[in-house]
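Here are some friendly notes to read with the model open beside you. Take the points one by one and find each place on screen as you go.

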Amino acid sequence: MSEANNAHNVSYLEYKGQYKGLLAWIFSTDHKRIGLLYLYTMLFFFSVAAILGLLMKTQLIAPGYTIMGPQTYNSLFTLHGIIMIFVIVVPGLPAVFGNFFLPIMIGAKDVAFPKLNLLSWWFYIIGILIVLTSQFMGDGPPDTGWTFYAPYSFRTPTNVLPAVFGAFVMGFSSILTGINFVVTIHRMRAPGMTWFKMPLFPWTLYGTAWIQILATPVIGITLLLIVAERLMGIGIFDPALGGDPILYQHLFWIYSHPAVYIMILPAMGAISEIIPVFSRKTIFGYKAIVLSTLAIAFVGYFVWGHHMFTSGMSGRALYTFSFLTFLVAIPSAIKVFNWVSTMHKGSLQMQTPFYWAVSFIFVFMIGGLSGLVLGSLATNVHVHDTHFVVAHFHFIVFGGTGYAFMAALHYWFPKMFGRMYDMNWANLGWGIFFIGFNTLYLPMFYLGIMGMPRRYYDYLPDFHGGNIVSSLGAWVMVSGIVIIFANLIRSARHGEKTTEKNPWGGKTLEWQVDTPPTLENFEEIPTIEKGPYEFED
Amino acid sequence: MTVHRDDLGDKMGMWLFIFTELLLFGMLFVVYAVYRSMHPEAFKLGGDELDVVMGTINTIILLISSMTVAMSISAMQKGNKKLALTLLTITLIIAVVFLVNKYFEWGAKFEYGFNPGAPELLELGHGTILFFGLYFIMTGIHALHILIGIALFIYVVWQIRKDKIHQTDYVWLENTGLYWHLVDLIWIFLFPLFYLIH
Ligand code: HEM
Ligand SMILES: [Cu+2]
């Protein structure tokens, strides 16, 4: 190996391996390159699905046919949901920032199984391609919604099969990443990094990885049963053959509720990294955050029934699920208190990642509190399957995971690319996005309470006012996204070069390695003596 | 790049994967339990239609194969490559025999029209439809696991022959063994649930 291409002094971006060009990326087992592969794939598909969202909102700007009819609208929200959930937020922060930073933050050279890691990405891509074929084959794009509820998912003539099967394949990707991260965290922490000296982002990745391992197989088998139902008519979920469609809903949500914690836990982890750095203070209640993470991961398994309050359950089951739903809100609230207390009397640095992090707390609280409205039995009956739910999950999933993703991207960007973005444009983009986001989704709470159902291309004239505001908000928000993405893409290629190791003054390990990191991250594996957030000395 | 080796980590990964498999089948067992409690009579009658002799033979040979794979691991630990290979080949043959038996078993069911979607089955009532739906799905997915096991064994045999797997580095063999025990274990539950309980 020549001096110019040494794993210790050449950045991972410039290192020349066995392959060249694109192949040097799609066959690389370097965790950092794999992280970027996920990032690019996600940014692309996010843009696609956001355009679908925008089209739906444009349709809803006035009652009746505006730019599309019911069938088109149905297939749009289905594809939008499938992409946003299975392609974007489920892999989400772990796939991008977990891959890139987990090994660095715990002082390792790579994940435990680098080849498996690459395989994971390949499963992901193949899954996406299979899903996409559903759009172009004979019988038309699927129109079931991303939930594939029985029995409609095997009665509709549309191409549900590839969509379901693609989601199944992506599940493998998720499981393999989960296994990889659990083993990495158990086996590869640097000497001296005890469990309670581990930074919080790895901690949340750990909780998430367990959910990925223990919940994903459930959706896997459920989707396979839908496949079998469509291909052979085995009857498990088909009332005409004795099957029970409600059982499908149970199995679906036994995965899909824990899955929302797959989406949000790493987001909370990233926020817990950013807040102390930009407050110049030790995180408040490190252990409380760790324990609440584990508590969420655990209790999150037992609340799935809150998606089915109107589907038919015994009274006792209803009360139990409602009660547990309230319980699971507590650890999330604990975290909010921790973040706020960390900022209290800190010397706050008003920079882009911090704006994203603070606005995360704001939207996450709106999302979380509206979740309690949905978790109460009486109010749930009123707003179930209305736009209130659409508002709730966008505030949590987009507002929570989406904002945290952007916070993390702006925080780690200089480290990942060795270039800095334009802070003014970034702030402007954030501002427009934030205004647009709230204009888009806040009216949906109101519309939902007034009774506007979800998943319809049309509505009663009474709802027109709220919809105009909401649809305009969508356009504002998308303009914000365009500014943000344009700025980041331009900066990744032409931004001001930087080799500054620690631009924000962070204390975790990724700020001690080169910018951008070398292939093996560390020349020598460090020995850890202090906790991850000791700012006071 | 220095190659990182951690046998314990590799085995841990395999165990985690086994958890996921247990959950996957676990959900199928839940579905089975739900429908069995709804249609106890039909499930009992359905069980009577299955070929207990065939099932017993498959159970016994699968148990033997679990033993041979375990023995091949200890042979490898002692550095006896030839014995390890022989034992693995026996395991492989048993796996194939299992599938051949399964093929005939399923064939007979198809002949009688017990396969999902067959018009004869549709006349037999909900309980029976569900019983055979579950039977084909669960034994089918199990058979798929046997196929994957076969592929793994072929790979491992090939690697042993190339001396890539040897006395001091045999975690692939061990993990394949773990996987095979899992496949065996699941069958141990499937067999009584479908063939035996009354
Ligand atoms: C430009 C951004 C977005 C816009 C304009 C948008 C808009 C919409 C609209 C209009 C619906 C259909 C509501 C209905 O009639 O039921 C919808 C559904 C949905 N959205 Fe979004 N959304 C955006 C971003 C996101 C993000 C980031 C996520 C997830 C991380 C997401 C997840 C979902 C899901 C899961 C559904 C439900 C799909 C279904 O009911 O099958 N959306 N969105
Ligand atoms: Cu839920």
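1. What spacing do the donors of the copper ion (ligand 2) follow along the chain? The spacing is H-x48-H-H. Donors here are N, O and S atoms within 2.8 Å of the metal (3.2 Å for Na, K and Ca), and water is not among the atoms, so sites may look incomplete. The protein donors are ND1 of His257(A), NE2 of His306(A) and NE2 of His307(A), which lie 1.7 to 2.0 Å from the copper ion.

2. Before you go on, a word about the ground rules. This is a predicted model, in which local features need pLDDT of at least 70 and side-chain atom pairs count only at pLDDT 80 or more, while totals for chains, interfaces and linings use all residues. Residues are numbered from 1 along each chain as its sequence is written, chains are lettered from A and ligands numbered from 1 in the order in which they are written, and side-chain values use heavy atoms, with hydrogens and water left out.

3. Are His306(A) and His307(A) buried or partly exposed? Buried means under 20% relative accessible area, exposed over 50%, and partly exposed in between (1.4 Å probe, protein chains only). His306(A) is buried because its relative accessible area is 13%, whereas His307(A), at 22%, counts as partly exposed.

4. Now turn to ligand 1. A residue is near a molecule or strand if one of its heavy atoms lies within 4 Å of it. There are 25 residues around ligand 1, and Tyr73(A), His80(A), His394(A), Arg454(A) and Arg455(A) come nearest. By class, this shell has 17 nonpolar, five polar and three charged residues. For these classes, Ala, Val, Leu, Ile, Met, Phe, Trp, Tyr, Cys and Pro count as nonpolar, Asp, Glu, Lys and Arg as charged, and the others, Gly among them, as polar.

5. Which atoms pair up with ligand 1? A polar contact is a pair of N or O atoms within 3.5 Å; within protein, one must be able to donate a hydrogen and the other to accept it, and residues adjacent in sequence count only if both atoms are side-chain atoms. The side chain of His394(A) has an N or O atom 2.7 Å from a nitrogen atom of ligand 1. For the side chain of Tyr441(A), the distance from such an atom to a nitrogen atom of the ligand is 3.2 Å. Trp146(A) uses a backbone N or O atom instead, 3.1 Å from an oxygen atom of ligand 1. Helices H2 (31-59), H3 (70-89) and H14 (387-417) of chain A are the elements that give two or more residues to the shell. H3(A) has the largest share, seven residues. Helices (H or I, at least four residues) and strands (E, at least two) are DSSP runs, numbered from the N terminus.

6. Arg455(A) lies in the loop between helix H15 (423-450) and helix H16 (464-494) of chain A. With a relative accessible area of 25%, Arg455(A) is partly exposed.

7. Arg280(A) also has a positive phi, about 55°, without being a glycine. Look for Arg280(A) in the loop between helix H9 (245-279) and helix H10 (286-299) of chain A. At 31% relative accessibility, Arg280(A) counts as partly exposed.

8. Ala150(A) and Pro151(A) are joined by a cis peptide bond, with omega about -5°, and Pro151(A) is in the loop between helix H5 (114-136) and helix H6 (152-155) of chain A. Thr515(A) and Pro516(A) are also joined by a cis peptide bond, with omega about -20°. Pro516(A) sits in the segment after strand E2 (496-497) of chain A.

9. Finally, visit chain B. Thr59(B) lies in helix H3 of chain B and, at 11% relative accessibility, counts as buried. The side chain of Thr59(B) reaches the backbone oxygen of Gly55(B) at 2.7 Å. Met67(B) is in helix H3 (residues 52-77) of chain B too, but counts as partly exposed at 46% relative accessibility.
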